[in-house]
Amino acid sequence: MRQRLQAAQATTSQVLKITEQLQKKEVTAEAHKDVVQAFLARFRLQPNEMAVLNSGEISDEFLAVLSRVAEIQVSSKKLLRMHHKTALMDIVDEAGALQEAAYNRLYKWLHDKFARVHSDATDIAPLMKSAVKALRTRSELYKVCLEDLAVSRRQALSQRFLVALTRGGP
């Protein structure tokens with residue numbers, strides 16, 4: 001009986017040691033999980049933000065998400081200078097691709113809106129002003145948008161001038 005009891009105690013002590021080690025690993029894994037979740041929350045877009053960026057209308061919310069993508073890219077690049085990690089490089093690439101697609105959508109939207117601008121329209125919607133301001137970081141698209149606006153206004157002014165010449169009036 002004594003031998004059995006000693007064998008059971010030895011086995012139990014081994015099981016307790018293994019259980020203690022596994023509990024420590026579990027605590028460590030939970031801590032790592034929390035760190036990874038915080039990292040991803042900081043450096044990745046949430047699903048609702050992705051939906052706004054990819055399929056939502058151009059709105060103030062779209063511009064806010066676009067700004068967040070730019071912040072993610074800048075923060076990732078700062079971290080990348082200090083730590084050469086593959087995950088950070090992937091995040092920078094992903095943020096760059098998202099940002100490029102969003103700027104292209106924004107450009108197309110502005111192009112469409114500017115095509116409908118009339119020369120007598122002195123008030124431009126605040127959303128359009130914010131969109132143009134957001135597009136300033138992409139100088140090529142910004143210049144093309146301003147040229148589109150100028151052409152659109154020039155055409156509308158010519159149209160109004162011709163109407164005034166043919167019909168008369170103010």
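Let's start on helix 1, where Glu 20 and Lys 24 sit four residues apart, about one turn of the helix. Keep in mind that we're looking at a predicted model. An α-helix has 3.6 residues a turn, so residues three or four places apart point the same way. Glu 20 and Lys 24 form a salt bridge, and their closest N and O atoms are 3.9 Å apart. The cut-off for a salt bridge is 4 Å.

How many salt bridges does a search of the whole structure find? The answer is four, and we'll visit two others here. Side chains of opposite charge can pair when their charged atoms come close.

Take Arg 44 and Glu 94: this salt bridge has its closest N and O atoms 2.8 Å apart. Arg 44 is in the loop between helix 1 and helix 2, whereas Glu 94 is in helix 4, so this pair ties together parts that are 50 residues apart in sequence. Arg 44 is partly exposed, with 35% relative accessibility, and Glu 94 is partly exposed too, at 30% relative accessible area.

Next up are Arg 68 and Glu 49, another salt bridge, with 3.3 Å between the closest N and O atoms. Here Arg 68 of helix 3 is linked to Glu 49 of helix 2, 19 residues away. Is Glu 49 buried or exposed? Buried, because its relative accessibility is 16%, and the cut-off for buried is under 20%. Arg 68 is buried as well.

That pair brings us to how helix 2 and helix 3 meet. Two packed helices are described by the angle between their axes and the distance between the axes. For helix 2 and helix 3, the angle is about 110° and the axes are 9 Å apart. The two helices are therefore roughly perpendicular to each other, and helix 2 passes helix 3 in a left-handed crossing. On the helix 2 side, the contact is made by Glu 49, Val 52 and Leu 53; the helix 3 side includes Phe 62, Val 65 and Arg 68.

Finally, follow helix 3 from end to end. Helix 3 has 23 residues (60-82), which should span 33 Å at 1.5 Å a residue, and its end C-alpha atoms are 34 Å apart, which agrees. Its buried residues include Phe 62, Leu 66, Ile 72 and Leu 80. What covers them? Among the elements doing so are helix 1, helix 2, helix 4 and helix 5.

Conventions. Residues are numbered from 1 along each chain as its sequence is written. This is a predicted model: local features need pLDDT of at least 70, side-chain atom pairs count only at pLDDT 80 or more; totals for chains, interfaces and linings use all residues. Side-chain values use heavy atoms; hydrogens and water are left out. The expected span of a helix is 1.5 Å times one less than its number of residues. Buried means under 20% relative accessible area, exposed over 50%, partly exposed in between (1.4 Å probe, protein chains only). Contact means heavy atoms within 4.5 Å. A salt bridge is a side-chain nitrogen of Lys or Arg within 4 Å of a carboxyl oxygen of Asp or Glu. Axes are lines fitted to C-alpha atoms, for helices over the stretch in contact, and angles run from 0 to 180 degrees between N-to-C directions. Angles under 35 degrees count as roughly parallel, over 145 as roughly antiparallel, 65 to 115 as roughly perpendicular and the rest as oblique. A crossing is left-handed if the near helix is turned anticlockwise from the far one by less than a right angle, and right-handed if clockwise.
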